[in-house]
Amino acid sequence: MAQSSQEERSCPVEGCDNPELDEISDMDDQFDWFCHWCGNMFVENEGGLDVQ
């Protein structure tokens, strides 16, 4: 069985509990991830994900 090399991200917003964020990285890399449950966008940094 092949494993995905892409790491799954869960939503860090308390109370959301979405187990899988959508990767939305684009050319300007303003945002990296989007949660379709709570509607927040995130940027990835060394400490984890920051809500934008």
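In the predicted model, Asn 18 is located in the segment that precedes strand S1 (22–23). With a relative accessible area of 2%, Asn 18 is buried, since the threshold for burial is under 20%. The side chain of Asn 18 reaches the backbone nitrogen of Glu 20 at a distance of 3.0 Å. When neighbours within four places in sequence are set aside, the contacts of Asn 18 are Ser 10, Cys 11, Cys 35, His 36 and Trp 37.

In soluble globular proteins, nonpolar side chains tend to be buried together. Beyond four places in sequence, Leu 21 is in contact with Arg 9, Ser 10, Cys 11, Pro 12, Trp 33, Phe 34, Cys 35, Phe 42 and Leu 49.

The strands are arranged as an open sheet of four, ordered S1-S2-S3-S4 with antiparallel pairing. S1 pairs with strand S2 (residues 33–34) in the antiparallel sense over two bridges, and Asp 22 stands opposite Phe 34 in S2.

As to confidence, the average pLDDT of the protein is 84, and 81% of the residues score at least 70. Over residues 1–5, the pLDDT falls below 50, and this stretch has zero contacts in the model beyond near neighbours in sequence.

Methods. Residues are numbered from 1 along each chain as its sequence is written. This is a predicted model: local features need pLDDT of at least 70, side-chain atom pairs count only at pLDDT 80 or more; totals for chains, interfaces and linings use all residues. Side-chain values use heavy atoms; hydrogens and water are left out. Buried means under 20% relative accessible area, exposed over 50%, partly exposed in between (1.4 Å probe, protein chains only). A polar contact is a pair of N or O atoms within 3.5 Å; within protein, one must be able to donate a hydrogen and the other to accept it, and residues adjacent in sequence count only if both atoms are side-chain atoms. Contact means heavy atoms within 4.5 Å. pLDDT is the predictor's confidence in each residue, from 0 to 100. Two strands pair if DSSP finds at least two bridges between them.
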